[in-house]
Amino acid sequence: MSAELDPVTLMKKQVGAAAAAMVQSGSIVGLGTGSTAAFMIQALGDRLKSGDLKDIQGVTTSFQGEVLARECGIPLTTLDMIDGIDIAIDGADEVDPDLNLIKGGGAAHTQEKLVEAFSKKFIVIVDSGKLVDKLNLNFLLPVEVIPKALNPVTKAIEHLGGKVTLRMGVKKSGPVVTDQGNLILDVKFANGIDDAVALEKNLNNIPGVLENGLFVNMVDLVLVGEVIDGQPVVREIKR
């Protein structure tokens, strides 16, 4: 079966298109990172080319997204050139029942949080496998760290009860380096995360931590893609 006909691929495309359909002409749009967000960016580009959508500007959350947005003909701007963002659309690695997220599997969570925190509306696009009862039971929590602070930050997180691993490159020697030139610590709490709001603050209060992958009290709507009886379906979860 070709990739174009694969039900999972079709589902991701449908979720991305559903999110892109919520963007109105004249909007400033936060453009997320990841495979499903890439389909959303492509769908926005298609709407612009067809004339269905006009006069939008995108704010990207990663270099990857910037390259794709330019390829799709989406005009770009930056946070220091605008007063706010109308709508941000991005994926997530985990979503709990309170619509709190873990993000950062692609090491872009600092820029993602910047864009999404300044957005009037934040839409998350995921497949149903990203919905969890409790955060961090299966997916590690990324923490972006200034390189010189690696050891003291590691010890501080261990003091909070986390098991810490430095994220290493897959197709390169050495650690993963973020777009900001920092390192990523992946953290596992033995029983998952009980209080995401408190933990986000505690981690960000550690000197040397730039940002962590907990996104709390930020999401307005989650679009969930599923494959049911071989057919892609999209459903909504609202706050």
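This is a predicted model: local features need pLDDT of at least 70, side-chain atom pairs count only at pLDDT 80 or more; totals for chains, interfaces and linings use all residues.
Started with Gly104, which I found in the loop between β5 (101-102) and α4. My helices (H or I, at least four residues) and strands (E, at least two) are DSSP runs, numbered from the N terminus. Residues are numbered from 1 along each chain as its sequence is written, and side-chain values use heavy atoms, with hydrogens and water left out.

**Gly104, continued**

I looked up the accessibility: Gly104 is buried, at a relative accessible area of 5%. For the record, buried means under 20% relative accessible area, exposed over 50%, and partly exposed in between (1.4 Å probe, protein chains only). Then I asked which residues Gly104 is in contact with, leaving aside its neighbours within four places in sequence. I got Asp93, His109, Glu112, Pro142 and Arg167, with contact meaning heavy atoms within 4.5 Å. I also checked Lys54, 50 residues apart from Gly104 along the chain; the two C-alpha atoms are separated by 31 Å.

**Positive phi**

Most residues other than glycine have a negative phi. I noted two residues here with positive values.

- Asp55 is not a glycine, yet its phi is positive at about 60°. I placed Asp55 in the loop between α2 (35-50) and β2 (57-60). Asp55 is exposed, with a relative accessible area of 66%.
- Leu99 has a positive phi near 65°. Leu99 sits in the loop between β4 (94-95) and β5. Buried or exposed? Leu99 counts as buried, at 4% relative accessibility.

**Helix α6**

Next I went through α6, residues 196-204. Which of its residues are buried? I wrote down Ala196, Leu199, Glu200 and Leu203. Looking down the axis of α6, I see the buried residues fall within an arc of 105°, so they line one face of the helix. The arc is that of the directions from the helix axis to the C-beta atoms.

I then asked what the buried residues of α6 pack against. The list is α4 (109-117), β7 (141-145), α5 (150-159), β9 (183-189), β10 (209-212) and β11 (214-215). At the N-terminal end, Asp195 caps α6: I find a side-chain oxygen 3.3 Å from the backbone nitrogen of Val197.

**Salt bridges**

Side chains of opposite charge can pair when their charged atoms come close. My cut-off for a salt bridge is a side-chain nitrogen of Lys or Arg within 4 Å of a carboxyl oxygen of Asp or Glu. How many does the structure hold? I have twelve salt bridges.

Glu200 lies in α6 and Lys113 in α4, so the pair ties together parts that are 87 residues apart in sequence. Both Glu200 and Lys113 are buried.

I looked up another pair, Asp127 and Lys130, whose side chains meet in a salt bridge at 4.0 Å, N to O. Asp127 is buried, with a relative accessible area of 17%, whereas Lys130 is partly exposed, at 26%.

Glu226 forms a salt bridge with Arg235, and I read 2.9 Å between the closest N and O atoms. Arg235 counts as partly exposed at 33% relative accessibility.

Last entry: I found Asp90, Lys103 and Glu112 linked in a network of salt bridges. Glu112 had already turned up among the contacts of Gly104.

How values were computed
A polar contact is a pair of N or O atoms within 3.5 Å; within protein, one must be able to donate a hydrogen and the other to accept it, and residues adjacent in sequence count only if both atoms are side-chain atoms.
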